[in-house]
Amino acid sequence: MAEPLGPESRPVVGILGGMGPEATVDLMRRVIAATPAQDDADHIRMLVDNNPAVPSRIAALIEGTGPSPLPELVRMARGLAAGGATMLAMPCNTAHYYAGGIVEAVPLPFLNMIALTVERVAAMVPAGTQVGLLASTAVFKIGLYEQAFADHGLPILAPERQDEVMALIRAVKTGDTGAARRGALAAIAERLVQGGAGIILVACTELSIMADAIAGTVPVLDAMDALAEEIVAQAKGR
């Protein structure tokens, strides 16, 4: 029988968090839930920099009024690497705009949530299916998903009232995830389905916290689940 891995040889996931803090904790919960475990020692070691001081992605990418988050993200990644991380993950869709800079600065495998999610969607639905995208305005502005989906022949369908989506994202950041907010998210998703979406993609980690409110006649995928499941697969060598 193979000897169990010692602490020094086990994979360690470094999480660049704080964008927002609740989303970071949500990723950790999902990783724990997805890990087959009989005891504490079966779980995955996670080093987490839950840093709410990362400069605003909205200010940098939409408003043009704030500094780039990249230097702080690189500092965090280097700190996680120095602490023993063997791979990196980042539970924030918008911040993946800076993923290339992180990868250039820190020579660790980076589990790219955008790429993982696109591949998962492409495996779930045929080409030509409209992807109803629930994401921040920044994600749409920078085209974070558009080209990757276009390469698979999957057009994106955006909500008619993106301001309603942003209101929900801001509400989650204040801790407001009650029935009214959950109902509003479900209604936005339903309008996307009525508009022709063949799958709903939750691509904002704040909205992920309420994603279980979405139900309907088409598949629903949460990008956070794609990331959590890949963390488990990589850490467990699947």
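## Worked exercises: a cavity, ring pairs and a core

There is 1 cavity of 30 Å³ or more. A cavity here is a set of points on a 1 Å grid over the protein atoms alone, where a 1.4 Å probe fits but cannot get out. This is a predicted model, where local features need pLDDT of at least 70 and side-chain atom pairs count only at pLDDT 80 or more, while totals for chains, interfaces and linings use all residues. Residues are numbered from 1 along each chain as its sequence is written, and side-chain values use heavy atoms, with hydrogens and water left out.

### Exercise 1: the cavity

Work out how much space lies in the largest cavity and which residues line it.

Step 1. Get the volume: about 50 Å³ of space lies in the largest cavity. Volume here is the space filled by probe spheres set on the points, with grid points joined across faces, edges and corners.

Step 2. List the lining, meaning residues with an atom within 4 Å of a point. The residues are A186, A189, E190, V193, I200, I214, A215, G216, T217, V218 and V220.

Step 3. Find the main contributor. Helix α9 (residues 179-194) gives the largest share of this lining, 4 residues. Helices (H or I, at least four residues) and strands (E, at least two) are DSSP runs, numbered from the N terminus.

Step 4. Sort the lining by type: 8 residues are nonpolar, 2 polar and 1 charged. For this sorting, Ala, Val, Leu, Ile, Met, Phe, Trp, Tyr, Cys and Pro count as nonpolar, Asp, Glu, Lys and Arg as charged, and the others, Gly among them, as polar.

### Exercise 2: the aromatic pairs

How many aromatic pairs does the structure hold? Then say how Y97 and Y98 are arranged, and do likewise for Y145 and F149.

Step 1. Count: the structure holds 2 aromatic pairs. Rings of Phe, Tyr and Trp (its six-membered ring) pair if their centres lie within 6.5 Å; planes under 30 degrees apart count as stacked, over 60 as edge-to-face and the rest as tilted.

Step 2. Take Y97 and Y98. Their ring centres are 5.1 Å apart and the planes sit at 85°, so this pair is edge-to-face.

Step 3. Check accessibility (buried is under 20% relative accessible area, exposed over 50%, partly exposed in between; 1.4 Å probe, protein chains only). Y97 comes out at 45%, so Y97 is partly exposed, whereas Y98 is buried at 8%.

Step 4. Turn to Y145 and F149. With centres 5.7 Å apart and planes at 20°, the pair is stacked. Y145 and F149 are both buried.

Notes: On a 1 Å grid over the protein atoms alone, a cavity is a set of points where a 1.4 Å probe fits but cannot get out, and a pocket is an open set with protein on both sides within 12 Å along at least five of seven lines; lining residues have an atom within 4 Å of a point.
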